[in-house]
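The following exercises concern one predicted model and are each followed by a worked solution. Please consult the sequence and the coordinates while working through them.

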Amino acid sequence: MIEVEYLPEPRLQFGSFFEHEDTKTGLAEYGPFGRAVPGLHPSEIKLGFVGTRETVSGARAWVEECGSPIESENARTIPGRTASVADTGLFGTPGQPPPPSQPSFTRLMKILNRDFVGFSRESPFACCFQTNPRWERTLQPVEIKRVLEIADKRQRIEEVVNLLEGEVRSLAQTKPAPDIVLLALTQEVIDQAHSVRVAGNFYFNLRRAIKARAMRWGVPVQIVQPATVSGKRAAGRQLQEKATRAWNFCTALYYKAEGVPWRPLAFEQEACFVGIDFYVAHQGKGRLTMRSSVAQAFDYLGQGLVLRGDPFEWNEDVDGRTPHLTQDAARKLIRSTLAEYVRVRGTPPRRVVVHKSSRFWGPDHGKFNEVDGFMEGISEVYPKTDADLVALARSGVKLFREGKYPPLRGTYARVGDDGHFLYAMGYIPYLQTYPGSYVPEPWQLVEKHGGSSPRDLLREVLDLTKMNVNNCSFADGTPITLSFSDKVGEIMKHVPDGEAVQTGYKFYM
């Protein structure tokens, strides 16, 4: 038996508690949600700059341009059509001529990407960027050239990171310090010092390494690509049009400056959503690896915390390909995560939902009893907390609907008693199209522990796909609890052993 239900698109709340399902529309009409609550809205954001005189000048010009409205140029060619079997029926209709052919034409798809409203005190954002020469640090081209001529690529990237970190440190120690540091890189640095394979699956990456190093100084960084400033696409790379770049750039910086762009309406204020994942910390000979766990926790405002678990050995030949935590490690990880949540929020969560992309092992797996470990850790923070452990995975099962578009985003399908599927991406009625490039795959609720129904748990997954403040898209196809776990783990790899990590999510964006 198959039952199909459409879960309505989650609504978000913006300034003046205005409600809408589209992020850009909500921001354009009433500004960010932070404006509605004291303490959640910065009226200005101090920006620091690191780069050559040319790249700093370009980044500063881009910031200034974002202060004014930018018209969308999201043009799409609508192909023409000729009469086909679909028009006349399989055998045709006697006496009925086929409809006339239609020529192709170009349309500005404003509904897909509306005009950028400008980031200023006078715009709906009610916030502006502040720049000052005291927050600028310039690198000499001859200095960069010397570093890029280093033959060993690992050493080359490390030297670039050292150069950038030194300037970030200088800015962080300038009082008052900037809220965010923009790293305006040259194209040569990006091309010649991007990443290098070190061992196994570990790549030493410039972007991840500098984010890890900058944590030492308590200032989040934002890398500004030359293409973002110039609007010229580099060879082999796609480039978003200007209005889209402005929406994404300004929304991300607003969040990094402790602002709240929007919040989902459906979440309880006492709820905490946690994503659990693993990354390879070190890889030795054979199949023995040193892994570490990472937890991402989000409250109802989308404010995020990142916690790193203790490293542990995992032998794929003996224990399996997918790593799992021991009961004690699971207890410690969730307890420390929720303890940090309580420290930041002041009150314990009344409900905790833990997402994982692999199954939760239970008592039948001996010491790897994650189920009891997570439940014990949650109870130690607050015994009356409602808890749900949810395992999610992409499914090869697909639904088909009539017409040329995939199923609607929000399509929930129940197959028998145990099959529960959700399309978190698909045709979006508000946009009147499917904005993706590939055939979407539904999420499957593989396993759950707790008292919530599968339908309600998947409805929350749909809500969590609208919490990615690193861009200003209508929605992601992945819940925020899982979407950034790989990137967070890759940044963690670049943090030296024994060094503390920042828990603020803004340092990993």
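**Exercise 1.** Does Phe474 count as buried or exposed, and at what relative accessibility?

*Solution.* The model is predicted, with local features requiring pLDDT of at least 70 and side-chain atom pairs counting only at pLDDT 80 or more, whereas totals for chains, interfaces and linings use all residues. Residues are numbered from 1 along each chain as its sequence is written, and side-chain values use heavy atoms, with hydrogens and water left out.

Step 1. The classes are buried (under 20% relative accessible area), exposed (over 50%) and partly exposed (in between), with a 1.4 Å probe and protein chains only.
Step 2. Phe474 has 7% relative accessibility and therefore counts as buried.
Step 3. Lys466 lies over the face of Phe474, 3.9 Å from the ring centre; this assignment requires NZ of Lys or CZ of Arg within 6 Å of the ring centre and within 35 degrees of the ring normal.

**Exercise 2.** Classify the aromatic pair formed by Tyr405 and Tyr427, and locate both residues.

*Solution.* Step 1. Rings of Phe, Tyr and Trp (its six-membered ring) pair if their centres lie within 6.5 Å; planes under 30 degrees apart are stacked, over 60 edge-to-face, and the rest tilted.
Step 2. The structure holds 21 aromatic pairs. For Tyr405 and Tyr427, the centres are 4.8 Å apart and the planes make 50°, and the pair is tilted.
Step 3. Tyr405 lies in the loop between β19 (386-394) and β20 (411-415), and Tyr427 in the loop between β21 (419-422) and β22 (443-449), so that the pair links distant parts of the chain, 22 residues apart. Strands (E, at least two residues) and helices (H or I, at least four) are DSSP runs numbered from the N terminus.
Step 4. Tyr405 is partly exposed at 30% relative accessible area, whereas Tyr427 is buried at 17%.

**Exercise 3.** Why is the pair of Tyr430 and Phe474 stacked?

*Solution.* Step 1. The ring centres are 6.2 Å apart and the planes stand at 20°, so the pair is stacked.
Step 2. Tyr430 belongs to the loop between β21 and β22, and Phe474 to the loop between α13 (454-464) and α14 (480-483); the two residues are 44 residues apart.
Step 3. Tyr430 is partly exposed, with a relative accessible area of 25%.

**Exercise 4.** Describe the surroundings of Gly410.

*Solution.* Step 1. Gly410 is in the loop between β19 and β20 and, at 0% relative accessibility, counts as buried.
Step 2. Its contacts (heavy atoms within 4.5 Å), leaving aside neighbours within four places in sequence, are with Glu5, Tyr6, Leu7, Leu422, Tyr423 and Leu462.
Step 3. The C-alpha atoms of Gly410 and Leu422 are separated by 6.5 Å, although these residues are twelve residues apart along the chain.

**Exercise 5.** With which side chain does that of Arg331 make a polar contact?

*Solution.* Step 1. Arg331 lies in helix α11 (residues 327-345) and is buried, with a relative accessible area of 15%.
Step 2. A polar contact is a pair of N or O atoms within 3.5 Å; within protein, one must be able to donate a hydrogen and the other to accept it, and residues adjacent in sequence count only if both atoms are side-chain atoms.
Step 3. The side chain of Arg331 makes such a contact with the side chain of Glu380, at 3.4 Å.
Step 4. Beyond neighbours within four places in sequence, Arg331 is in contact with Gly373, Phe374, Glu376, Gly377 and Glu380.
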